[in-house]
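Let's walk through this fold together, starting with the chain as a whole and then moving in on a helix and a sheet. Keep the viewer open as you read.

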Amino acid sequence: MSARAAVKEAVDLAAALVVLPLLLAFRLQRRLAPGRTDVAFQGYAQLLGLVPGVVGVVLRRAFYRRTLRACGRAVSVGFCTIIATPEAELGENIYVGPFCNIGSVTVGDDVLLGSNVTLLG
């Protein structure tokens with residue numbers, strides 16, 4: 001493993017630890033109110049969407065990799081982007097620009113979505 005890959009792994013692990021309380025709270029809410037999963041998920045997505053810069057991208061990726069139906073390792077979700085449901089699927093090498101809204105969709109590999117894009121599902 002290269003030094004760069006090792007640093008990336010360490011950063012991803014640290015981000016997973018930072019979002020762990022949100023993951024646990026989301027899973028608890030999902031069990032207590034199973035019909036309201038999307039509402040709970042949207043709240044956490046909105047909260048993480050407000051974290052700017054690279055830190056926000058890393059935290060959002062850590063959260064979405066553990067909550068979405070599918071989410072690749074090389075995913076970048078921009079500032080103020082909302083993924084509305086954990087039923088969404090994001091492939092590998094995805095860039096989602098700022099201020100996007102993503103519904104229950106499947107986005108394949110190697111996709112770039114610019115700013116202010118809405119994908120309904």
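Among contacts in the protein chain between residues at least 6 apart in sequence, those joining residues at least 24 apart make up 26%. Keep in mind that this is a predicted model. What does the overall size tell us? For 121 residues, a compact globule would have a radius of gyration near 14 Å, and the protein chain agrees because its value is 14 Å. Along the principal axes, its C-alpha atoms fill a box of roughly 45 × 30 × 25 Å. Buried residues account for 40% of the 121 residues. The protein chain exposes about 6,600 Å², with 62% of that supplied by carbon and sulfur atoms.

Now follow the sequence. There are three helices and nine strands, and they come in the pattern α-α-α-β-β-β-β-β-β-β-β-β.

Take a look at helix 2, residues 37–49. Its 13 residues should span 18 Å at 1.5 Å a residue, and the end C-alpha atoms are 18 Å apart, so the two agree. Which residues of helix 2 are buried? They are Thr37, Ala40, Phe41, Tyr44, Ala45, Leu48 and Gly49. An α-helix has 3.6 residues a turn, so residues three or four places apart point the same way. The cover over the buried residues of helix 2 includes helix 1 (3–32), helix 3 (53–67) and strand 3.

Strand 3 leads us to the sheet. Three strands, in the order 3-6-9, form an open sheet with parallel pairing. Strand 3 (82–83) and strand 9 (118–119) each have a single partner strand, so one side of each is left without a neighbour in the sheet. Two bridges join strand 3 to strand 6 (residues 101–102), and Ile82 has Asn101 as its bridge partner in strand 6.

Technical notes: Residues are numbered from 1 along each chain as its sequence is written. This is a predicted model: local features need pLDDT of at least 70, side-chain atom pairs count only at pLDDT 80 or more; totals for chains, interfaces and linings use all residues. Side-chain values use heavy atoms; hydrogens and water are left out. Two strands pair if DSSP finds at least two bridges between them. Helices (H or I, at least four residues) and strands (E, at least two) are DSSP runs, numbered from the N terminus. The expected span of a helix is 1.5 Å times one less than its number of residues. Buried means under 20% relative accessible area, exposed over 50%, partly exposed in between (1.4 Å probe, protein chains only). Contact means heavy atoms within 4.5 Å. The radius of gyration is taken over C-alpha atoms; the globule rule is 2.2 Å times the number of residues to the power 0.38. Accessible areas come from the Shrake-Rupley method with a 1.4 Å probe; for residues, only the protein chains shown count as cover.
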